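We will go from one selection to the next, with a short note on what to look for at each stop.

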Amino acid sequence: MATMTEAVRASSTGGTARKRATRLRSGESRAAATFYWMVWPAVVAFALFHTLPVLIGIFFSFTNYPGYGDWNFIGFSNYINLFKDDRVLHAYGFSFLFAIVATILTNVISLSIALGLNAKIKARNFWRGIYFVPYVLAILVIGYVFQFFFSNSLPKILAGIPLFADNILTNETWAWTAIVALGVWQACAFAIIIYLSGLQTIPGELYEAASIDGASPWRQFTSITFPLISAFFTINVVLSLKGFLQVFDQVVALTNGGPGTATESVTLLIFRGGFSGGEFAYQSANAVVFFIVITIVSLLQFRVLQRREADF
Amino acid sequence: MKPTASRFGRPAAVLALAGLAAVVGGCAANPSNGVTTLNFFQFKGEALNDFNAIIEDFEAENPDIRVIQNQVPEADTIIRTLLVKDKAPDVITLNANGGFGKLAQAGVFYDFSDEPVLETINPAVQEILADLGNKEGEVNGLGYVNNANGVIYNQEIFEEQGLEVPETWDEFIAVCDALVDAGITPFYGTLADSWTGLPSFNALGAYPSQGDFWDQMREEGENVGPDSEVSFQKDFPDAMDQQYQLFSYMQDGYRGKTYDEGNAAFANGEVAMLLQGIWAINPVKAVNPDIRAAIFPYPAVDDPDDRLLVSGVDVVVTMGKTTPHKEEAMRFIDYLFEKDVIEQFAASQNMVPSVKGAEISDDPSLQSVKPFFDEGKITGFIDHQIPPSIPLASIDQQFLYSGDADAALATLDSEWAKVAARTIPVTGE
């Protein structure tokens, strides 16, 4: 527990790397070689299976390669056409809407549940186990269960509400909320674990001192709890937003991008358009743009959130 | 590295490699020992056993040829990888969709124009193939079996209700109304699987897009719109209204049901008709082997003689252009097109054989479409003419949910224009 929290703190406070004592340098050539041999295979594999394909993809985004046969260089045409394509712009809009709503909901709900699981409740470990179960299930599999639930069960249970009775998944305006529900349900599990470990680093004496001074529970939360778990909050928000922007499995399982293309996320569009749609190079350009967008968003988040982190 | 090890190691490795190469080279198709081996690329999983039986008989009659069947999933992708490597298989079967047309236009298949087997094939079938695309002036594929895309109907229910097969649009709607009055749901909708909206779209849209509609659309390219010579917005509103009308006769909850649920419901007699093609008959029979199901084409016209059956070439047989075993491959292809061989295959797959005079099996679904094939009143699938990057199934599904034909047609036109604008043709330099 201590190692993980310290690692989180060290990485997220953009920490000043403490200088190591120079005496470690001497007489460690044998140890250094071993560490290199442990690291190199992973670096090679990563380069081969991740970096190389990415570079090849970026290369082909400047061509008109359909996935087979001949191709020519066409410069930035793919990128220019991307910005003119309203289907692409709609996909980005949907992905961002989904990601922002899902991130906020996930973090609010997870933090609340983590606060509950941190308190002295009965059968605490049992509850912690229950709340972790969604993370264990395969997204696609549980997605199909939810699809059945929304299409067949919910219309019968909530037959009085027209929105649900008509199968919310086929509603152009509200199908995305069903996908948010599934995404949040599953993402909360992991977020709860992170928040729980963060809450456990806060020493109890702080709360005792605060309550002696007459602080209300809400005041304790805003002044003690929240500032002290800000590093965990940063990690959770960054990971949530990045993960939700790339939503794919949930969309495929629930609506397959439907009705029409109302819930088509960027990743689904890239996959469909690039392969079965036969526009490999065009969607490669889309993927490059998406990569840049996510990187910028994540870096911005780090900047904003790290400034407000406290340490004690 | 000790010197003694490398002294014997290197020459031994070279010898081993040379020996291996000799053995492998000898295993390759080597006419000098009398037997030619043909590489048969086969896409249809359901036809694996049928082709195995055909190959056995062929090899018995032709001991100097061996045929190895490679049944592949994702055939569209794999054939492209083979072509890119110049490893075109000797004999190929593919589904004749838009992708096949593109490959044919690229000139990777053999030209069958002068082959005698071409004369034995129904010209209407070859026309459908020609519409997909051939290299200029060539005939690059031989249609083997065709499917039929009409309305599947339960003959028992029709007989009980005293209904006749409708031959005009008004008769069709009258049949639907009569069924509703008798308390029977006319159709089972399965729009959770968005592609199941396409069979009816293809059939109804075939009527306004006859002639050189698609060539004109391609010429319009990025200028397509409500004011151009041809466009979806101009020519398809009637077809859309007809499709929407049919979908108003669906069961409750049709938006959330899937293809498999639809087949099972029809097989169990819950509905009278299914808007699916002949490919659905086998799954239906798997649920209820005793069902009597037949097919009639969508009568989207006022004159029964104007009716067209939408049919695609389900299996097209062709040959790689650069195959070194042209003669042997042609012998195998000629064997495939012999009457009794193709009849047996078509009956087993529940499809229509393309050879003139070949008997169609007794299955009522096939007998009901036979006249249209004999009279040449068949036409191809229009979704083969629409680029796959346009999400046609999704657009159609959205239209069927909302009923907004104008929006759907406008979307189709704008997608067509966008794709035309951003498709920069490969110049092969």
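This is a predicted model: local features need pLDDT of at least 70, side-chain atom pairs count only at pLDDT 80 or more; totals for chains, interfaces and linings use all residues.

Residues are numbered from 1 along each chain as its sequence is written, chains are lettered from A and ligands numbered from 1 in the order in which they are written, and side-chain values use heavy atoms, with hydrogens and water left out.

**Stop 1: helix 13 of chain A**

Select residues 266-276 of chain A, which form helix 13. Helices here are DSSP runs of H or I with at least four residues, strands are runs of E with at least two, and both are numbered from the N terminus. Helix 13 of chain A is mostly covered, with 8 of its 11 residues buried (buried means under 20% relative accessible area with a 1.4 Å probe, protein chains only). Among the buried ones are Leu268(A), Leu269(A), Ile270(A) and Arg272(A).

Just after helix 13, click on Gly278(A), which takes a positive phi of about 70°.

**Stop 2: the interface**

Next, display both chains. Here 26 residues of chain A are in contact with 25 residues of chain B (contact means heavy atoms within 4.5 Å).

Zoom in on Arg422(B) and Asp85(A), whose side chains meet in a salt bridge at 2.9 Å, N to O. The count between the two chains is 4 salt bridges, each being a side-chain nitrogen of Lys or Arg within 4 Å of a carboxyl oxygen of Asp or Glu. On the chain A side, helix 3 (77-84), helix 4 (86-118) and helix 13 each supply at least two of the residues that touch chain B. The largest share, 3 residues, comes from helix 3 of chain A.

**Stop 3: chain B as a whole**

Finally, select chain B and colour by secondary structure: there are 18 helices and 12 strands. Its C-alpha trace spans about 90 × 50 × 50 Å along the principal axes. Of the 429 residues of chain B, 53% count as buried.

Note on methods: Buried means under 20% relative accessible area, exposed over 50%, partly exposed in between (1.4 Å probe, protein chains only).
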